[in-house]
Amino acid sequence: MTERLDQFMARANAAYYATHDPFVDFTTSPEISQVFGELIGLWAALAWQTMGMPRDVLLVEAGPGSGKLINDALRAIGRAVPAFGSALSLHFVETSPRLTSKLSRHYPQATIHADLTTIPAGPMIFLANEFLDALPIRQFIRRPDGWMERHVRDNEFVELPTDLMVQDDAYGTIYERSPVAEAFITALADRFVQTSGVALIIDYGPMRSGAGDSLQAISNRQSVPPTSKAGSADITAHVDFERLINVIRRAGAKAWGPITQGHFLTALGIHERTNQLGRHASPQQALNLIAASRRLTAPEGMGTLFKAIAISHPETQNLAGFPS
């Protein structure tokens, strides 16, 4: 069977998340420090205030994984902005049967959706951390006889002709596109043109669009070929933030960022919150907290590679953490 790369990636990741605990293979920001989820919760509370504090608001997380982020977020919301906690209804976007089962047990008050289409109407605050990187991509390669597209056959890459029209780059140049990610962002932007709301998206990738092969696969915390047996590894690719910002603007919504995760978390007060927690911790615990915050914000850690963007209603004037 020959599959286009995005078709193989969609099938492989669906099988992987249905049968594996992804946190055995990688660690995301909420698992590194509780402060990450707390700050995201407080960011959501500030967004709710910016929206005029609607009496009923949807708090939606896409790709919630273990639920660690929302757990820390809800704790911070309940402590600092209980009125927001009373106003929100919790929703998840998740397709893995194994993960939805866990989420249902831990968050019985939440509604779980397979995609955006069943999320109810109304004001919404949407969160997605390391979600877009797992969405399928297509890859196009410049060859002497024209542009080719990568497919997968028998766990190997094969190239077939494509009608893609790209600038005439050097032979071997690779361009990546994610129609699924673009459609997802377009759906969010279309909603926020019509209805009050905001989305925060944090993921990894370059600030500007460009050529390059970013496809990678991880199994047992080791890099493996992306064409490994479907379901045996987590396959991801860099997010094209500049392209997504343009998608948002074309839809008529307001785009914020991209800014680095380091700048975003620093603006939200990660170091101050870390120091506050450290005052009530043992010396070793305090050192661990500081090390975790540095990992999230330092250029040599996740601070530069990871970026934050936001989508909002066109009339939104300010969002915490983002330059106006």
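These exercises walk through one predicted protein model.

Residues are numbered from 1 along each chain as its sequence is written. Local features need pLDDT of at least 70, side-chain atom pairs count only at pLDDT 80 or more, totals for chains, interfaces and linings use all residues, and side-chain values use heavy atoms, with hydrogens and water left out.

**Exercise 1. Overall form**

Task: Compare the radius of gyration of the protein with that of a compact globule.

Solution: 
- Step 1. Take the rule: 2.2 Å times the number of residues to the power 0.38, with the radius taken over C-alpha atoms.
- Step 2. Apply it. For 324 residues, a compact globule would have a radius near 20 Å.
- Step 3. Compare. The protein has 20 Å, so the two agree.
- Step 4. The C-alpha trace spans about 60 × 45 × 35 Å along its principal axes.
- Step 5. Of the 324 residues, 53% count as buried, meaning under 20% relative accessible area; exposed is over 50%, and partly exposed lies in between (1.4 Å probe, protein chains only).
- Step 6. Look at contacts, defined as heavy atoms within 4.5 Å. Among those with a separation of 6 or more, 77% join residues 24 or more positions apart.

**Exercise 2. The length of α3**

Task: Check the span of helix α3, residues 34–50.

Solution: 
- Step 1. Know the elements. Helices (H or I, at least four residues) and strands (E, at least two) are DSSP runs, numbered from the N terminus. The protein has 11 helices and 15 strands.
- Step 2. Find the expected span: 1.5 Å times one less than the number of residues.
- Step 3. Check the cover. In α3, 12 of 17 residues are buried. Among them are F36, I40, W43 and W48.

**Exercise 3. Strand β10 and its partners**

Task: Which strands pair with β10, and in which sense?

Solution: 
- Step 1. Recall the general idea. Strands of a sheet pair through backbone hydrogen bonds, either parallel or antiparallel. Here, two strands pair if DSSP finds at least two bridges between them.
- Step 2. Take β5 (residues 124–129). It pairs with β10 in the parallel sense over 6 bridges. L127 has L200 as its bridge partner in β10.
- Step 3. Take β15 (residues 306–312). It pairs with β10 in the antiparallel sense over 7 bridges. L200 stands opposite A310 in β15.
- Step 4. Sort the side chains of β10. G197, A199, I201 and D203 point one way, V198, L200, I202 and Y204 the other way, and all are buried.

**Exercise 4. Residue I202**

Task: Is I202 buried or exposed, and what does I202 touch?

Solution: 
- Step 1. Locate I202. It lies in strand β10.
- Step 2. Read the accessibility. I202 is at 3% relative accessibility, so it counts as buried.
- Step 3. List contacts, leaving out residues up to four places away in sequence. I202 touches F36, I40, A128, N129, E130, Q261, F264, K307 and A308.
- Step 4. F36 and I40 are among the residues touched by I202, and both are buried residues of α3.

**Exercise 5. An open sheet**

Task: What is the strand order in the open sheet of 3 strands?

Solution: 
- Step 1. Write the order: β12-β11-β13, with antiparallel pairing.
- Step 2. β12 (222–224) and β13 (234–236) each pair on one side only.
- Step 3. Detail one pair. β11 (residues 216–219) and β13 pair over 3 bridges. Q216 has T236 as its bridge partner in β13.
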